Amino acid sequence: MSMSLTAVQQTDFDELVKAEYRSKGFLLRDSVRLKNDVIGAYEQFRKVDQVISVPTAYLAAVTIQDPDYTKVTCLIQKYTTPTAVDTVQELTVNFDAKMENAMLVGQGMGRRSDQIIIDAIAAGPGTTIADGGTNFNYEKFTQVYEYFENNAVPKGERWIALSASNVRSLMQDDQFVSTFYTENRILDRGWVLDYLGINLVTIPQMTEGGLPKTGDILTALAWHKMSTGMAIGHDFRTEINYLPDRTSWLVNGIFSAGAVVIDPRGVIAIDCDESV
């Protein structure tokens with residue numbers, strides 16, 4: 001219940017409401033394999049290994065290879081984001097409290113969507129790059145690049161999620177920003193979304209959790225889009241319903257979703273010392 005509306009019950013009040021700084025969410029929705037309109041409490045994502053070409057003599061019998069089809073199961077969880085606006089109390093302010101609350105609900109769902117993906121990826125890395133007493137830097141970036149290249153991860157489908165501290169540290173590396181090393185003019189573009197075929201996204205601090213952190217060690221995450229799946233059952237929806245017993249409007253966000261790592265080899269955890 002939005003009891004705090006009493007704080008803005010004034011005769012004259014600015015009609016524009018300043019929202020607290022926060023992530024609007026949905027930063028990572030395009031970075032994973034999406035499955036929409038899932039029926040049931042679980043979704044299964046499939047993975048297939050590989051077969052190889054082998055030397056074979058003329059007319060010789062061939063040995064059948066098993067490509068090893070496997071599956072992983074994703075649990076779909078229901079989420080809600082409820083708040084309420086009293087019909088009489090709303091008359092004491094000169095802005096649409098229902099609209100403002102609906103915007104907050106939408107942002108809350110977006111952040112939770114990102115957190116679901118972050119939690120799944122953090123739980124299933126195939127390899128870890130140790131912090132080594134350093135924050136995120138060009139050396140760690142090239143280690144991620146080497147790992148992806150060795151595993152033939154397609155360019156353009158590679159992602160790294162960083163904290164603001166990680167970005168600050170990376171921007172201090174001349175190899176990343178100096179035109180002596182690169183002609184990409186990264187600083188001129190404000191921030192890079194794609195560098196050497198890897199998409200970079202900054203994850204801000206979030207009440208929902210954000211990137212994993214223990215003490216000064218934050219874990220940045222790198223992954224291939226097809227390595228992780230997100231299943232959505234009830235799609236993201238904001239609704240406003242009247243509650244006659246409370247003479248209030250219920251503003252609520254509803255969705256059901258889950259995420260899981262399909263192939264751990266496509267996921268890297270990069271430990272970074274943010275105290276450096």
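Predicted model: local features only at pLDDT ≥ 70, side-chain atom pairs only at ≥ 80, totals over all residues.
A residue is called buried here when its relative accessible area is under 20%. Strand 11 spans residues 217-224, and seven of its eight residues are buried.

Start with the neighbours of strand 11. Strand 15, residues 267-273, runs antiparallel to strand 11, and seven bridges join the two. Strand 7 covers residues 158-162. Strand 7 also pairs with strand 11 in the antiparallel sense, over four bridges. Here Arg-158 has His-224 of strand 11 as its bridge partner.

Strand 10 is another partner. Strand 10 consists of residues 213-214 and pairs with strand 11 over two bridges, again in the antiparallel sense. Thr-214 stands opposite Ile-217 of strand 11. The two strands form a hairpin, with two residues between them. Gly-215 sits in that turn. Its phi is positive, at about 65°.

Now follow His-224 to the largest pocket. His-224, the bridge partner of Arg-158, is among the residues that lie nearest the centre of this pocket.

Strand 2, residues 42-48, gives the largest share of the lining, with three residues.

Finally, turn to Asp-173. Asp-173 is found in a loop, between helix 3 (164-170) and helix 4 (174-177). Which residues does Asp-173 touch, leaving out those up to four places away in sequence? They are Asn-137 and Tyr-138. Asn-137 is 36 residues from Asp-173 along the chain, yet their C-alpha atoms are separated by 6.8 Å. With Tyr-138, the pairing is between side chain and backbone. A polar atom of the Asp-173 side chain lies 2.7 Å from the backbone nitrogen of Tyr-138.

Key. Residues numbered from 1 in each chain as written. Heavy atoms only, no water. Contact = heavy atoms within 4.5 Å. Polar contact = N/O pair within 3.5 Å; in protein donor to acceptor, adjacent residues only side chain to side chain. Buried < 20%, exposed > 50% of the residue type's maximum accessible area, 1.4 Å probe, protein only. Pairing = 2+ DSSP bridges. 1 Å grid on protein atoms, 1.4 Å probe; cavity = no way out; pocket = protein on both sides within 12 Å on 5 of 7 lines; lining within 4 Å.
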